[in-house]
Amino acid sequence: MKNLIQNPFRLPDANGQPIHFWQSGIHYDNLLLHGYRTSTVTLPDTSTTAAAVESYNLPISCRGQNAIRWGYIMRAVEFHNVMLLASFYDAQGAHLTTMKHPVSNLKSQFSSVMTTFQIPENADTVRLSVEFHGNTVACTYFAPWAAFVASPSLPVQ
């Protein structure tokens, strides 16, 4: 399957920000794993409303597709709430729905964390993102990957 993410290595622009990605509360590391730039999130346990987010800026055309599989290679020392999101839009650009899937199986070793989202019938494009809420200690991730799949099987991590 072809990765739908352009710049999955998250190579930076002249300002040091990864091309095609937007972030808030994310620390981009000076570390490459297998050529992929890593990011680390640490959020205090003092507030469950604190959040960090990374969004893939380019809309992905999903017309005629059944499902999209999306995720990263991740690990965390401790985490409260990590969510993979898929936001769907119609042909006029109107927001249809945002689907969220909680990540529940992060370990201290890196592993593939993926989920599958069913594409709504009238969706034209999808935008992908990841959110971090609450107490998060050394959650490191890299290698964003997305691909269309034939059926929306149950989310797998």
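This is a predicted model: local features need pLDDT of at least 70, side-chain atom pairs count only at pLDDT 80 or more; totals for chains, interfaces and linings use all residues.
Residues are numbered from 1 along each chain as its sequence is written, and side-chain values use heavy atoms, with hydrogens and water left out.

The chain has 10 strands and zero helices; helices (H or I, at least four residues) and strands (E, at least two) are DSSP runs, numbered from the N terminus. Read from the N terminus, the order of elements is β-β-β-β-β-β-β-β-β-β. The radius of gyration is 15 Å, close to the 15 Å of the globule rule for 157 residues, so the chain is as compact as a globular protein of that length. Here the radius is taken over C-alpha atoms, and the rule is 2.2 Å times the number of residues to the power 0.38. Along the principal axes, the C-alpha atoms fill a box of roughly 40 × 35 × 25 Å.

Of the 157 residues, 46% count as buried, where buried means under 20% relative accessible area, exposed over 50%, and partly exposed in between (1.4 Å probe, protein chains only). The accessible surface of the chain is about 7,900 Å², and carbon and sulfur atoms account for 53% of that surface. Such areas come from the Shrake-Rupley method with a 1.4 Å probe; for residues, only the protein chains shown count as cover. A contact means heavy atoms within 4.5 Å. Among contacts between residues at least 6 apart in sequence, 78% join residues at least 24 apart.

Side chains of opposite charge can pair when their charged atoms come close. The term salt bridge is used for a side-chain nitrogen of Lys or Arg within 4 Å of a carboxyl oxygen of Asp or Glu. How many salt bridges does this rule give? The count is two.

One of them joins the side chains of Glu54 and Arg10, at 2.8 Å from N to O. This pair links distant parts of the chain, with Glu54 in strand β4 (residues 51-56) and Arg10 in the segment before β1 (21-24), 44 residues apart. Arg10 has a relative accessible area of 0% and is therefore buried; Glu54 is buried too. Arg10 also has a positive phi, near 50°, in a residue other than glycine.

A salt bridge also joins Asp124 and Arg63, with 2.6 Å from N to O. Again distant parts of the chain are linked: Asp124 is in the loop between β9 (111-118) and β10 (125-149), Arg63 is in the loop between β5 (60-61) and β6 (67-75), and the two are 61 residues apart. Are Asp124 and Arg63 buried or exposed? Asp124 counts as buried because its relative accessibility is 11%, whereas Arg63, at 58%, counts as exposed.

Gln65 is also in the loop between β5 and β6. Its relative accessible area is 33%, so Gln65 is partly exposed. From C-alpha to C-alpha, Gln65 and Asp124 are 9.4 Å apart in space, against 59 residues in sequence. Leaving out residues up to four places away in sequence, Gln65 touches Ile119 and Phe148.

Strand β10 holds Ala143, which has a positive phi of about 60° although it is not a glycine. Ala143 counts as buried because its relative accessibility is 13%.
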